[in-house]
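I opened a new notebook page today.

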Amino acid sequence: ERETWGHIRGRWPDYELDFVNPEAGISVELSYSGDHLVWWADLPQFFTYFSAFGSFEGRITYSHGTTIDDPHDIEGEPEQYELSGRGCFEHGFGRRQFNYDAPSLPVRLLGRLIPTTVIGYHYEVFIADDGREGGIMKAGGAGMDMRNHGGLYLDDYYTEISSIHITYPDNPPPEKVDMHCYGEPRVAFPRCWRVRAHTDAGKLEYEARRDGPPATIAPHMMYYYYTFEGTHAGQPIEGRGYGEYVDF
């Protein structure tokens, strides 16, 4: 049997999004209107990836309610809540000319033999309470950066983010989690990290802390939500964000 869990329709800058988790009985209906873009890559007809910031409005429905009085009975009265706020809508497109498993085999084997990071990827978008919004992408391998850039909006003013440096403190220690669908071995994902970067308006520095457990969607890769505090151009900032992290 097949069941649609999500549907997106529309044309820039307006979209309608519907998502449902039938096992949990939770559904979300959202209207989105975008206004800010941060481009990560654009190779026409081959690979395109951007993040679009905008406003969401809609509702979330809990078909079985949100409280459980009896642990053996999850049925409850339906509850519905209105949603609104800023958010990010991502779009990625990649043309797959062939299966990449074979060409990537040497890199995957090297990662097992050498106890070091062969491929590193840290991408995140954020929305600050004062209206700043943007994101960073730092990706590379064998000690060399392939992508190290980002973008930041303050109202309609846009500035590039460059010279991104990310450190991962040992305290609190990284969390050991199972590789997606594999169980053992367990891999480590950080609980917090520090970001330092440059913009045309001044330095960007913040400390981020991951909220909740990571969603491991592939071997060595997680999706996560986080909160952060720091400064930009000497002004204090704080807010929330979403990110993706790979250590392979």
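I started with a term: a residue is buried if its relative accessible area is under 20%. I also noted that this model is predicted.

**Entry 1: aromatic pairs.** I looked up how ring pairs are described: by the distance of the centres and the angle of the planes. I then found the count, which comes to 22 aromatic pairs. One of them joins Phe126 and Tyr206 edge-to-face. Their centres are 5.7 Å apart, and the planes make an angle of 65°. Phe126 sits in strand 6 and Tyr206 in strand 13, so the pair ties together parts 80 residues apart in sequence. Are these two residues buried or exposed? I checked: Phe126 and Tyr206 are both buried.

**Entry 2: another pair.** I turned to Tyr223 and Tyr242, which are also edge-to-face, with 5.9 Å centre to centre and 70° between the planes. Tyr223 belongs to strand 14 and Tyr242 to strand 15, so this pair links parts 19 residues apart in sequence. Tyr223 is partly exposed, at 29% relative accessible area. Tyr242 has 15% relative accessibility, so I list Tyr242 as buried.

**Entry 3: a cluster.** I found one aromatic cluster whose members include Phe126, Tyr206 and Trp193.

Entry 4: I traced an open sheet of 5 strands in the order 1-2-3-4-5, with antiparallel pairing. Which strands are at the edges? They are strand 1 (6–11) and strand 5 (79–94), and each pairs on one side only. From one strand to the next, the twist averages 20°. Strands 2 and 3 pair in the antiparallel sense over 8 bridges. I noted one partner: Leu17 bridges to Leu30 in strand 3.

Conventions
Residues are numbered from 1 along each chain as its sequence is written. This is a predicted model: local features need pLDDT of at least 70, side-chain atom pairs count only at pLDDT 80 or more; totals for chains, interfaces and linings use all residues. Side-chain values use heavy atoms; hydrogens and water are left out. Rings of Phe, Tyr and Trp (its six-membered ring) pair if their centres lie within 6.5 Å; planes under 30 degrees apart count as stacked, over 60 as edge-to-face and the rest as tilted. Helices (H or I, at least four residues) and strands (E, at least two) are DSSP runs, numbered from the N terminus. Buried means under 20% relative accessible area, exposed over 50%, partly exposed in between (1.4 Å probe, protein chains only). Two strands pair if DSSP finds at least two bridges between them. Axes are lines fitted to C-alpha atoms, for helices over the stretch in contact, and angles run from 0 to 180 degrees between N-to-C directions.
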